[in-house]
Every structure is written in C-alpha cells, then in structure tokens.
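Here are some notes to read alongside the model.

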Amino acid sequence: CVIIIDEAHERTLHTDILFGLIKDIARFRSDLKVLVASATLDTERFSCFFDDAPVFRIPGRRFPVDIFYTKAPEADYLEACVVSVLQIHVTQPPGDILVFLTGQEEIEACCELLQERCRRLGSKIAELLVLPIYANLPSDMQAKIFNPTPPGARKVVVATNIAETSLTIDGIIYVIDPGFCKQKSYNARTGMESLIVTPCSRASANQRAGRAGRVAAGKCFRLYTAWAYKHEMEETTVPEIQRTNLGNVVLLLKSLGINDLIHFDFMDPPPHETLVLALEQLYALGALNHLGELTKLGRRMAELPVDPMLSKMILASEQYKCSEEVLTIAAMLSVNNSIFYRPKDKVVHADNARMNFVVPGGDHLVLLNVYNQWVESGYSTQWCYENFIQFRSMRRARDVRDQLEGLMDRIEVEVVSCQGDSVPVRKAVTAGYFYHTARLSKGGYKTVKHQQTVYVHPNSSLFEEQPRWLIYHELVFTTKEFMRQVIEIESGWLLEVAPHYYKSKELEDSSSKKMPRKQGKTKEELG
DNA sequence: CTCTCCCT
C-alpha cells in the first residue's frame, strides 16, 4: 500500500495534519510506503521529519527564465506595475504578461490605470488586452483569460496568487512580481484573523517566476531589489497550521482518539496558545469534558465537516426545530463572503439588488432569504445574474447543504422547518456562537470576551441599525477590526443557551465592565 | 465604508 502526498510544499492545513497522522500510522505498518512530492528544494525538512527518508530529485521540464530586479525599492508598486507592463508592451517581442497583485481592489485599480493609459496612447501602440483574474470574479469573466490572444495584440493578465498555483495560462512569457501577497494570520489571544499585505516568500517568488517559462524562455521582472530578495524575504511561507484557527483540527484529532495534542508530532507545531484556545472553546461548547475527552455532543459535532461553532449551531437547531433553515445558513456561511457580486462599475445596481434581500434580524437571515429565493427560481443561473448573486457560490452552498443534510441521519437530527419564525433560528446561531458576542456601548461595539473594539462590516445588513447585542460569525482585521456576518440577539438568550458560560449579572446593561465567568479548567487539564 | 487562496 502506498500513500502519495502531492504538492507537499504548499503546506496546507490538511497536508500538515496528514503528515502527523501518517507518520504515526507508519510506525505500526511496515507494509506502508509514503511518497511525499514537493516542488521546492527544501527536501531536507520532509526527509528529516519522516525519519531521514531517501530523497529523489526529478528534474522539471521548464524553460529558462531570466530574472530582473529593480535597482532601488519601489515606493508605489501599483504604479511600477503599470509602467513595467507598458514598457514590456512597447519594447519586448511578442508574448503575454502576467502581473501578480494582492487582491480585487488592487487588480481593478491596476486594470483601470492600464486601460486609461492605453486609451491615451491610442494607435501609437499595439492593442493591449487587459484581463483581471481572482477567485471571486464571476466564472464567465474568469474564462476570458484563456482566450487566445489575437495576432498583433498582447494580453496582460492581472492576477492574485490564484495564478501562482491554481491555474495555468498558456502563452505567458513575462511575469511582473511586486513581491507581495495577502496573508491570513491568526491571533489566538483575541481569536481574530487578519488579512494583511505582506512580502511573499522566496519560494513564492520563484513559483511566480516559473510561470514565465512554461511554453518558452521567459522573463520575470521583480519590482524589488536583489538585496531584498536575498536578505528581507523569508525562505518559505509560514505553514497554514501556524496561521489559522484550529478548532476543527482539534475536534478531528480528538475524534480519531488522539488525546494529547500538545505532544502530537506536527512537522511545524502550531502556537501553543492556538491549541489552548481551541481546547477552551471546545470545552465551552460542550464538545470536551473537564478531562479534555470528547463528549457525546462532541462526537456528534465531529461528524460534520465544519467548524465546531457551526457544528454546534446545527446540533442546536434540533432543539429549536429549525434545522431546515440552519442547514441553509451553515452552507451559506461556508462559502466565504462571495455570495454577492459587486463590480466596481455597477456598485449602485449591485447594492440595490442586495437591499432587496434584506430582512430584519441580520445577515444570517439575509443569506437564508437569498438561498430560498434561489430555490424558488429553480436554482436559476439567470436569476443569479439579474440579482448580482454569484452562481458559482450558490452552487457551492447547495453542495455543502446537500452534504450536511446527508449527515443529519448520522447525528440523529430531524430536518424540520420553523416556518419563517426567526427567533428559533437566531437562538440556534447563539447556541453555537455565544463565544462571539459583541455589545454596543457608547464607544461602539466591544466583544464581550475581550472588551475589544470591533466594527460591523459595511457589507452587513445591520451596518446602520446598531442593535445592542450582536453575534458575529467571524472577526477579521483587514483595514479595521470587522465583524463579518452579524445577527441581532437578545441578551437573555445567552443565559438560555450557555448558562455555564454567562451569568446574568454580566449581561446587565449597567455593568459594562463585567467579563464572562472564567473557565474552570486549565489547558493542562484539557490537553 | 469593504472583499488572499482553497473546498474537507
């Protein structure tokens, strides 16, 4: 029996978990062969982790790529990209250009600048086709990047790092790499994710450069100095397991019978505090007992391939007789903020379309409304198009929902509807997410857990309403500490769903300083 | 006053 772990260099959460599990299993299975395939040269780490496993080098079939650096750092890399593209366009032989930027906003700005300057240059230059690509771009627009470039013209694709690994565009000869990407990181002290523009790693820069050499010899223009490449960039990207919430990983490992997570053989262990917070939250949710063992509830939660809070919400829907609705909400929440399409040139239309879905109570109920209307339309693509809804995301939500619904039998939850009453739905959400409560005080919203100042995301249906008590689905720092996907609750529900976690005194309006009762168990007892 | 990526 052979197990192959491919693309190991990507160091995704799941590859890293697999590493630990397989190493463990291999000890008891002399017949088991493990093959780890990595596209980077840091084979030492993998070999060392798997007890000095032999390394085989297989040369790639790639064309050479000349790398060029800037003499001095660029103050404005967006502008530098635009200038570089135009320079390549007027001075270099035929071949398409790929530009790496960090996100939608930058990409849109870059495309606009390029189009504007081409318009001004008019017939003085050959035609330049400017095409954006990022994950949230509707599929029909994504497809355009694959159209062959007409003779005499040149194509420039402006991409996120979706073009670094996930898709390959034929005909790219030139790559422009400003050396930045958006990276997720996770603060276990506050439970907050951040999405911050950071310098990418050398491994990532090399991967980008490689995109220029797939069909012929190419050129890569790095908009940073050779010195910065050598001395300022990290060798490799920090593995995802060290940058993310580990709630469902911990639940999964516990359900596999791995109790001592603190000493689990991770190739790169996650921060201790991240494990501790995950254990603490699972304890608060009732998934673990005071010994850190999986409870019956925890075992049922582990059956669902979603985050523990979402899982708890689904299980709580049984009690409130609203599993039909909660399944839909869970599915809609699982497709990340990509339901509503909001192109820059049609923001007014898109925002109006979104307003039509708004119902009282909050974003979860708006998402439910969108899904139900889509079902009524017969899962129509046209309906999505007319309502500025992303069909791809809806189809994904439907897949997730089907999968979750298929698991309801196994966790013994009957699928029933509360027939339009929002209170049971919001109570079920509260039962899963009581850890994520925020309260309005005179200075704005503060989290109940850490008294941290947070803001309702401008996309939210409650952006202007400002209800006193909110539950948020996630807390993300982008330009500010934003609560994304919020729902209005009554403070009394917190006592109803989590009496072990909240005391009534803490929820009185007069006492704004009170913290939730301290958890009784320490990390050692739970670990 | 806003949106890296991926899909168990």
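1. Contact here means heavy atoms within 4.5 Å. By that rule Val413 touches Arg300, Leu315, Ser317, Glu318, Ser323 and Met408, once residues up to four places away in sequence are set aside. Val413 sits in the loop between H17 and H18; helices (H or I, at least four residues) and strands (E, at least two) are DSSP runs, numbered from the N terminus. With a relative accessibility of 5%, Val413 counts as buried, where buried means under 20% relative accessible area, exposed over 50% and partly exposed in between (1.4 Å probe, protein chains only). Its C-alpha lies 26 Å from that of Ser393, 20 residues apart in sequence.

2. A word on ground rules: this is a predicted model, in which local features need pLDDT of at least 70 and side-chain atom pairs count only at pLDDT 80 or more, while totals for chains, interfaces and linings use all residues. Residues are numbered from 1 along each chain as its sequence is written, chains are lettered from A and ligands numbered from 1 in the order in which they are written, and side-chain values use heavy atoms, leaving out hydrogens and water.

3. How do H13 and H15 pack? Helix H13 (residues 323-334) and helix H15 (residues 363-376) meet at an angle of about 100°, their axes 9 Å apart. Axes are lines fitted to C-alpha atoms, for helices over the stretch in contact, and angles run from 0 to 180 degrees between N-to-C directions. The two helices are therefore roughly perpendicular (under 35 degrees counts as roughly parallel, over 145 as roughly antiparallel, 65 to 115 as roughly perpendicular, the rest as oblique). From H13, Glu325, Thr328, Ile329, Met332 and Leu333 face His364, Leu367, Leu368, Val370 and Tyr371 of H15. Seven of these contact residues are nonpolar, two polar and one charged; Ala, Val, Leu, Ile, Met, Phe, Trp, Tyr, Cys and Pro count as nonpolar, Asp, Glu, Lys and Arg as charged, and the others, Gly among them, as polar.

4. 10 of its 14 residues are buried, so H15 is largely enclosed by the rest of the structure. Among the buried residues are Asp363, His364, Asn369 and Trp374. The buried residues of H15 pack against H13, helix H16 (381-386), helix H17 (391-407), helix H18 (422-433), strand E14 (469-477) and strand E15 (481-488). After H15 comes Gly378, with a positive phi near 80°.

5. Helix H9 (residues 247-255) and helix H10 (residues 272-284) make another pair: their axes come within 9 Å and cross at roughly 75°. That makes H9 roughly perpendicular to H10. Gly247, Val250, Leu251 and Lys254 of H9 meet Leu275, Ala278, Leu279 and Leu282 of H10. This contact divides into six nonpolar residues, one polar and one charged.

6. The largest nonpolar core has 85 residues, and Leu253, Ile339, Val370, Ile389, Met394 and Phe434 have the most contacts inside it. Such a core is a set of buried Ala, Val, Leu, Ile, Met, Phe, Trp, Tyr and Cys residues joined through side-chain atoms within 4.5 Å.

7. Lastly, Thr15 belongs to helix H1 (residues 13-26). At 8% relative accessibility, Thr15 counts as buried. Leaving aside neighbours within four places in sequence, Thr15 is in contact with Ile5, Asp6 and Ala8.
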